[in-house]
2 protein chains.
Amino acid sequence: MTAFSVADVSTPDQKDILDEWEIAVIDLFLNAASSFGLPKSYGQIYGLLFCRDQSLPMNEVMKLLQISKGSASQGLRALRQLGAVSSVFEPGDRKERFVAEIRLRKLVGGFLREQADPHLDKGVGRLKQIEALLGNLDNTDSLKRGIRKHEILSGWHRQMSRLLPWVKMIVGKSDRLPKKSSY
Amino acid sequence: MTAFSVADVSTPDQKDILDEWEIAVIDLFLNAASSFGLPKSYGQIYGLLFCRDQSLPMNEVMKLLQISKGSASQGLRALRQLGAVSSVFEPGDRKERFVAEIRLRKLVGGFLREQADPHLDKGVGRLKQIEALLGNLDNTDSLKRGIRKHEILSGWHRQMSRLLPWVKMIVGKSDRLPKKSSY
DNA sequence: CACTTTGTTCAAAAAAACTTGAACAAACGA
DNA sequence: TCGTTTGTTCAAGTTTTTTTGAACAAAGTG
């Protein structure tokens, strides 16, 4: 229980208010999230944490973004899973607090690990399934065509598998810029 | 007008039927499309054309996939815009016919050009907007923080801009495999 | 011109994705 | 133990996206 609370209801505290630039940054991440196929609320949450230097607990996130408990909880969980936020426990505080990961390399790596890699793995299964269906076929025209297409798909799969490690390497390769860094 | 038409209604022609493996491939592309943030029907259309060696006119696409005129029309237009299909006109036929682009490099290039590049461009504008908002601020704590965050975002933007050309280069670099190729 | 074929557009319907909030669980302190 | 705080889950509601199909346009043909 706090010692006193003047105008506790209705008047938003200064602390509950976002700066204009923060709103713009949050909106930027909202848009970025949807273009990566993630829910907008994930973008907002990440954007908010990105703006702050101090960690925030879930209830602050809810208040500042005006989103529901459910969205906040699910969003924070998903972002942590992606490696885009991590949580810390301040000693003597029961609340979990969250901070944004700002190293681009980590962000990209997490995204690829959670989104791209699983798709490539499923791809292996699908290719096998197609192979199996082709196995049921007699030596028809369709069979020959199917085999050819299967080869093409396998080639694509191989190339994509090779590309991803490069992407992970290239991003965040912090080439020169000794100070100022690059994230 | 065709010369004769026995059981024209209700009984689907052999030609209106997809092989099982084709259905599997189409489904693969349906899933791929949605994970790239494209409508499923685009995936189906591309998948069908990918399976076929012969070009198909729009009405065949509609019949084979059982999708509406509107979907077929819009899907084909969008896929052409992405460089994923191209159209040909058989001489003496009024219909436009479509074929899938199967060179992975072209596909990736088109996707990046149409989806990633525009986002990076919008990013420039957004960064400027944030800068402007920071300009309105006095020399507060928030300003310093805002400047720092803006720098981070600029760094990310730069790195992403550098990454894309590499991706375009790497994909389809047809390393070795003198025959069999790789697409 | 009248008629057919081919393809586009867009408002409305359907489907999918996202968000909400109430009910629930877990963990702590008194 | 009971009450409180913190966080999760999920069915229902909301919003957004996608699909449909009827009306329209364009372009040939007889």
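## Helices at the DNA

α4 (69-81) of chain A and α4 (69-81) of chain B each supply at least two residues of the surface near DNA strand C. Helices here are DSSP runs (H or I, at least four residues), numbered from the N terminus. α4(B) gives the most to this surface, with five residues.

The model is predicted: local features need pLDDT of at least 70, side-chain atom pairs count only at pLDDT 80 or more, and totals for chains, interfaces and linings use all residues. Residues are numbered from 1 along each chain as its sequence is written, chains are lettered from A and ligands numbered from 1 in the order in which they are written, and side-chain values use heavy atoms, with hydrogens and water left out.

DNA strand C is surrounded by 17 residues. A residue counts as near the strand if one of its heavy atoms lies within 4 Å of it. The closest are A:Ser41, B:Lys69, B:Ser73, B:Arg77 and B:Glu96. By class, the surface has three nonpolar, seven polar and seven charged residues. Ala, Val, Leu, Ile, Met, Phe, Trp, Tyr, Cys and Pro count as nonpolar, Asp, Glu, Lys and Arg as charged, and the others, Gly among them, as polar.

A side-chain N or O atom of B:Ser73 is 2.6 Å from a phosphate oxygen. A:Ser68 uses a polar backbone atom, 2.9 Å from a phosphate oxygen.

## Chain A against chain B

In this interface, 53 residues of chain A are in contact (heavy atoms within 4.5 Å) with 53 residues of chain B. The buried area (accessible area, 1.4 Å probe, lost on being put together, summed over both parts) is about 4,700 Å². Carbon and sulfur atoms give 65% of that area. In chain A, A:Trp21, A:Trp156 and A:Gln159 lose the most area to chain B, together 16% of what that side buries.

Seven salt bridges (side-chain nitrogen of Lys or Arg within 4 Å of a carboxyl oxygen of Asp or Glu) cross the interface. One of them joins A:Asp53 to B:Lys149, with the closest N and O atoms 3.0 Å apart. On chain A, α1 (20-35), α2 (40-51), α5 (104-135) and α6 (141-170) each supply at least two residues of the side touching chain B. α6(A) gives the most, with 18 residues. The residues of that side divide into 27 nonpolar, 10 polar and 16 charged.

Terms used
A polar contact is a pair of N or O atoms within 3.5 Å; within protein, one must be able to donate a hydrogen and the other to accept it, and residues adjacent in sequence count only if both atoms are side-chain atoms. Buried area is the accessible area (1.4 Å probe) that two parts lose on being put together, summed over both.
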